Amino acid sequence: MGRKKKEIEEYVEMRGLLGDGKDYHVYHMTKKDFLIACALGFAGAFGVLFAFFDNLIVSCAGGLVCGKILPKHYREYKKRKQINELRTQFKDLLESLTSSYSAGQNTVESFRDAAGDMVSIYGEDADIVHEVQIISAGLKNNINIEELLLDFARRSSLDDIMSFANVFEICNRQGGDLKRIVSETREIINDKIEVEMEIETMISGAKNELNIMMVMPVIVVVMLRGLGNAMAGSNTLLAILVKLICIGIFILAYIMGRKIIDIKI
């Protein structure tokens, strides 16, 4: 029963119509990413535990546990970063398409020129370059542009791209003004990004304060130990219990603080 449930819940990555697409719902960590995550987890846990308990074995054990846990959260961070970068790149793609449509080019020529523009801006390894190349290859193989854009939208996990693909499909089939549709979509995404940047600027101070508040307990404990405080330096059963409760409270406060300042549009 458990094995069957696991098979049902297993996520199957989408590879696109041509079989070489990228599924942005998942992020595959490189060895470098994994080592960075493990090192950050170990170093952070080791420093905190050593400051509280002054015990090398406990600190190493806690560091190893956090070093094993952090890669999962680091993967989610990298996935969000990848999606945000894709949205910014998509905005620039729409700007390139707008220029091409304004010059009287058709869809095939517009995406072909857009591929060159994206390479000059982001380099050949950028995700948007790969996606435009897939669309161009699909058009050469007589695949409808609507299907290619919808496939890209489904893999991107971005509502902006999905909305654009749906509107483009309707407009293209009914002979609408593609130039206007592309231009308006670009403006909407651009406005959304600007609002998010303004919000990020407004809460940057709160983020810094949250990070400082999480470091302060470690600094206070180190200072108390330096002043000869018995509670801070001892590892009696009561002292260990109090320290564990304090660490738990600070971790819970940090999680709640991150959720509060994580504002999404």
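What percentage of the 265 residues in the protein do buried residues make up? In this predicted model, buried residues account for 35% of the 265 residues.

**Overall architecture**

The protein contains 10 helices and 0 strands. Read from the N terminus, its elements follow the order α-α-α-α-α-α-α-α-α-α. The protein is more spread out than a compact globule, because its radius of gyration is 25 Å, well over the 18 Å that the globule rule gives for 265 residues. The C-alpha trace spans about 80 × 50 × 35 Å along the principal axes of the protein.

Of the contacts between residues at least 6 apart in sequence, 64% join residues at least 24 apart.

**Surface and charge**

The following table collects values for the protein as a whole.

| Property | Value |
|---|---|
| Positive charges of the protein | 32 charges |
| Negative charges of the protein | 35 charges |
| Distance between the mean positions of the positive and negative charges | 9 Å |

**The setting of Gln82**

Gln82 lies in helix α3, which covers residues 56–102. Is this residue buried or exposed? Gln82 has a relative accessible area of 7% and is therefore buried, the cut-off for burial being under 20%. Leaving aside residues up to four places away in sequence, Gln82 is in contact with Lys22, Tyr24, Val26, Tyr27 and Asp127.

Methods: Residues numbered from 1 in each chain as written. Predicted model: local features only at pLDDT ≥ 70, side-chain atom pairs only at ≥ 80, totals over all residues. Heavy atoms only, no water. Helix = DSSP H or I, 4+ residues; strand = E, 2+ residues; numbered from the N terminus. Rg over C-alpha atoms; globule rule 2.2 N^0.38 Å. Buried < 20%, exposed > 50% of the residue type's maximum accessible area, 1.4 Å probe, protein only. Contact = heavy atoms within 4.5 Å. Lys, Arg positive; Asp, Glu negative; His and termini not counted. Charge placed at Lys NZ, Arg CZ, Asp CG, Glu CD.
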